[in-house]
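Welcome! Please have a look around first, then follow the points below.

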Number of protein chains: 2
Amino acid sequence: MLRAAVPGAGAPADRRRGCERGRKRRRPRSGGSAGGGGAAASAPEPSAAPTLEAVAALAGVSRATVSRVVNGSPKVKPAAAEAVHAAIAELGYVPNRAARSLASRRTQAIALVVPESVARVFADPFFASIVQGVALALAPTDYTLTMLIESEQDPGKTRRYLAGGNVDGAIVVSHHTGDHSFAELNRSLPVVFGGRPLDASAESGYSVDVDNVGAAADAARHLIARGRRHLATIAGPQDMPPGVDRLAGFRAGAGAASGAGASAAAGAEDAGASASAGAAGMSGAAVLVEYGDFSPASGAAAMRRLLERGEPIDAVFTANDQMALGACTAIRDAGLTVPGDIAVVGFDDDLSAATASPPLTTVHQPSVEMGAEMARILVRLIEGEEVPRLTLLPTRLVVRASS
Amino acid sequence: MLRAAVPGAGAPADRRRGCERGRKRRRPRSGGSAGGGGAAASAPEPSAAPTLEAVAALAGVSRATVSRVVNGSPKVKPAAAEAVHAAIAELGYVPNRAARSLASRRTQAIALVVPESVARVFADPFFASIVQGVALALAPTDYTLTMLIESEQDPGKTRRYLAGGNVDGAIVVSHHTGDHSFAELNRSLPVVFGGRPLDASAESGYSVDVDNVGAAADAARHLIARGRRHLATIAGPQDMPPGVDRLAGFRAGAGAASGAGASAAAGAEDAGASASAGAAGMSGAAVLVEYGDFSPASGAAAMRRLLERGEPIDAVFTANDQMALGACTAIRDAGLTVPGDIAVVGFDDDLSAATASPPLTTVHQPSVEMGAEMARILVRLIEGEEVPRLTLLPTRLVVRASS
DNA sequence: TTGTAGGCGTTATCAC
DNA sequence: GTGATAACGCCTACAA
């Protein structure tokens, strides 16, 4: 008479034969301490979480039915469902994820992969926002978020983990770069990348990005609308999509706006010819270009190079805010003012943009939204829906005092 | 003769009887599409990850042995281990986490819990660093990091998840507050909190924090060493441990330093009497106190109130950097200079501190290290080790131009 | 040291 | 609709 309410309700009394899989409970797992008494133990045996079977017993139905109710199957008589729900509530039952995964071959887990190099960069706000967005979007779903830092020691570890069927899909954030070394994964697992892949080879997976080109063009138009005529830009590395796109967009915006609009500032420099760092200006009205590596120091250096060219400059667009900050410093060091002599527009709208002095006009990236969108897309992908290969999110020019 | 290399090597030919658990493969899971041919299918059946059994077959040993090797059991003959490793490598075997958890009753997963309110605050750099630290510390271990955002809609969800045995332990980060609403969890799961609990009730769990008191005292001593004699402070909310501790520490530091050192700036105001926002200074040499809520705006407002008191002030310590920024603004608005007229020292060393103008002298918190330490402590807790209830990490005063 | 076998908690396939 | 029951892939006491 021990074990009240354990066997399935109306279960046929004896089903032994061969396997005899009835509850037999092994459980003397926590080995150690011989002898019967027990002053030695430490943990008070957390009264083991109730299982689906316990719920079934209490509700007077079979495990199968409980499972159906838990998974929202439509084919369950209301009365039964009712009883099951009651039992679940009474017992505080919560399904065991491991068992569920094992049986269903789906983990309900999504991995967020980030290269260690990015993780080390102290608190990259852009990355933090992405994580936030992903987490927030996943919160209301049944998916769980597993953060994976790709170790540099053992690069294969992450790959193995992902390929090992431990998650249903993955989101890969490679800083602002086009590092899609995980592209291969795409064959064994749904993967969504943050940022446009550098090699636009069609089948390189799914990605979410902002419209860098359009945004940079907006920046150019804004400067021109503000009366600036001598545009310059501090571009990012040309082996990263954002670096390439923002430069191209800025040039396009400068060309189009000036053409359709006022007078000066003609078309952009020839793109091909200026693909190296030291590119000299070709015509007076061209957009002057220098390159940086997204760091404040590189921004300052690039600005100094621009000023040394001796050509007139009354506005500079930088590929990110950090370089804009450096540029501002260089401008002031040269005895000029922002935005009096030179207007400055950055990109990212990171934390320092608003509090910089002067507060920076910049292109705001919806980073949280990007994370959320990546999550949504991945979920749809996992559930077999059709989704676009590339999703572009809109940016917004935030006008502050620097322009 | 089909199925080469599937049955265990020297396995007794026929073990059927009763259960007959030999590989029978169910697997016609992906229902649908009748008919034999197949132009309808989409996914190419990812060639299912190899199982432990496959490894066993290839290595010519039993599953048990493979398991032992995988789990690093010492009792395995080198030769066997060798064979197993080779097989693992050849097959690219990676253990199935779900199955492992189910069988071993350990998930090898750690949850990082963060209240939605914190997650919404846009990219809190402090929080981001914590996550980073946790992730980096966990990377080399076999633990997986599961990010849990506590939904405000359904607060029970997270709790249920945690109590449901889906993780081996949890790390709770409640911003800088003393919100330990998860304290109860402590009974069913190892939990480590970030930040000192407000109620110092002994048994409230494990936590990692910085020495706010000592750090604030350092700040006071620094100011005094710099020749400042009229100290003021903008404290944080007194219902948050950091708010309380930084105020107490600053007072202590000011008192001790001035006592042992030079002349002016006597002991601190009476702590009890000044626990409300408008606390008026009591004696000329006391530390002037105003309160803010950690936002820049509140810092500016508090600074204005301090200035309006009409008492001499040549230095102000704020409970965080954001308020320091606000204070600087207020100081300049009053026609005074930083640090010329008033030196300013913040707390946190957040991203904006270094780039502020003037760059802010502030107390650096090892936030990444805090995250890492929390992770390490939790792992030790999970593995049954003895660990201190409270771990205090050292801070460091970063002297920049504002003081 | 190694193999055997039963069970971990769910899901899913079939009959009823 | 509902209930048996065989996996899911791995771990581990126990036997050898």
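**A histidine in a helix of chain B**

B:His222 is buried, with a relative accessible area of 10%; buried means under 20% relative accessible area, exposed over 50% and partly exposed in between, using a 1.4 Å probe and protein chains only. This is a predicted model, in which local features need pLDDT of at least 70 and side-chain atom pairs count only at pLDDT 80 or more, while totals for chains, interfaces and linings use all residues. Residues are numbered from 1 along each chain as its sequence is written, chains are lettered from A and ligands numbered from 1 in the order in which they are written, and side-chain values use heavy atoms, with hydrogens and water left out.

**Around B:His222**
- B:His222 belongs to helix 8 (residues 212–225) of chain B; helices (H or I, at least four residues) and strands (E, at least two) are DSSP runs, numbered from the N terminus.
- Not counting residues up to four places away in sequence, B:His222 touches B:Val345, B:Thr361, B:Leu397, B:Val399 and B:Ser403, where contact means heavy atoms within 4.5 Å.

**The sheet of chain B**
- In chain B, six strands make an open sheet with mixed pairing, in the order 7-6-8-9-10-12; two strands pair if DSSP finds at least two bridges between them.
- Its edge strands are strand 7 (288–291) and strand 12 (396–398) of chain B, each pairing on one side only.
- Strand 10 (residues 361–364) of chain B pairs with strand 12 of chain B in the antiparallel sense over three bridges.
- B:Thr362 stands opposite B:Val398 in strand 12 of chain B.

**Ser101 in chain A**
- A:Ser101 sits in helix 4 (residues 97–104) of chain A, and it counts as buried at 11% relative accessibility.
- Leaving out residues up to four places away in sequence, A:Ser101 touches A:Arg106, A:Thr107 and B:Ala98.
- The side chain of A:Ser101 reaches the backbone oxygen of A:Arg106 at 3.4 Å.

**Cysteines**
- Over all chains, the structure holds zero disulfides; a disulfide is a pair of cysteine sulfur atoms within 2.5 Å.
- A:Cys328 is buried, with a relative accessible area of 3%, and B:Cys328 counts as buried at 4% relative accessibility.

Note on methods: A polar contact is a pair of N or O atoms within 3.5 Å; within protein, one must be able to donate a hydrogen and the other to accept it, and residues adjacent in sequence count only if both atoms are side-chain atoms.
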